[in-house]
Amino acid sequence: MNNSRTGALAVGALLVAFGVLFLLQNFGLFGRAENLVFLILFGAGGLAFLYVFATNQQQWWAVIPGFVLLGLAVLIGFGDSLGAWGGALFLGSIGLAFLVIYFIRRDFWWALIPGGVLMTLAVVAALGENLPGEMTGSIFFLGLAATFALLYFLPGAAGQTRWAIIPAAVLGVMGLMLMLSM
């Protein structure tokens, strides 16, 4: 069997297995071990995707589900004890996946955009309960501005990211205006 067919069968089997597990969960068959079961499953799934990437870096896409599943595993493992930090941790894990893609493949400069946006959202989620709305809005716009400014000043993009100064400037002005309106 060729690799693409084997991979498709593996994904199909995984989806069926998750369906069966969720059905068993709905019947309450896991009891008190429910969180542990899903912690192990999501953690193992995340590690499996990262293994795919580690053994073949041409499979860069595997970093995204790997970090997402590991972020979910941490959320399941810590439960409600994380509070607002749970959302920040999950968003940060997704953003980290895109940043890893960029650092592995410097020609994928585009990965900095979702990485920067998600990291900015992680900061806003972490600080959102303790700051006034205008301040979190300002942090959001300034974080986005910093993301696009980074793209503009990126040395390896060979002129492909010169456009990024425009959204950086607009978002920076919006962030400063929100900050000054407080």
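The buried residues of helix 3 are covered by elements that include helix 2 (34–55) and helix 4 (84–104), where buried means under 20% relative accessible area with a 1.4 Å probe and protein chains only. These buried residues are Val63, Gly66, Phe67, Val68, Leu69, Gly71 and Ala73. The model is predicted, with local features requiring pLDDT of at least 70 and side-chain atom pairs counting only at pLDDT 80 or more, while totals for chains, interfaces and linings use all residues. Residues are numbered from 1 along each chain as its sequence is written, and side-chain values use heavy atoms, with hydrogens and water left out.

Helices are DSSP runs (H or I, at least four residues), numbered from the N terminus. Helix 3, residues 63–78, has 16 residues and spans 23 Å from its first C-alpha to its last, close to the 22 Å expected at 1.5 Å a residue, the expected span being 1.5 Å times one less than the number of residues. After helix 3 comes Gly79, whose phi is positive, near 60 degrees.

The axes of helix 3 and helix 4, which are lines fitted to C-alpha atoms over the stretch in contact, with angles from 0 to 180 degrees between N-to-C directions, come within 8 Å and cross at roughly 160 degrees. Helix 3 and helix 4 are therefore roughly antiparallel to each other, a term for angles over 145 degrees. In their contact (heavy atoms within 4.5 Å), residues of helix 3 including Phe67 and Leu75 meet residues of helix 4 including Phe90 and Ile101.

The axes of helix 5 (residues 112–127) and helix 6 (residues 133–153) come within 9 Å and also cross at roughly 160 degrees.

Note on methods: Helix = DSSP H or I, 4+ residues; strand = E, 2+ residues; numbered from the N terminus. Buried < 20%, exposed > 50% of the residue type's maximum accessible area, 1.4 Å probe, protein only. Parallel < 35°, antiparallel > 145°, perpendicular 65-115°, else oblique.
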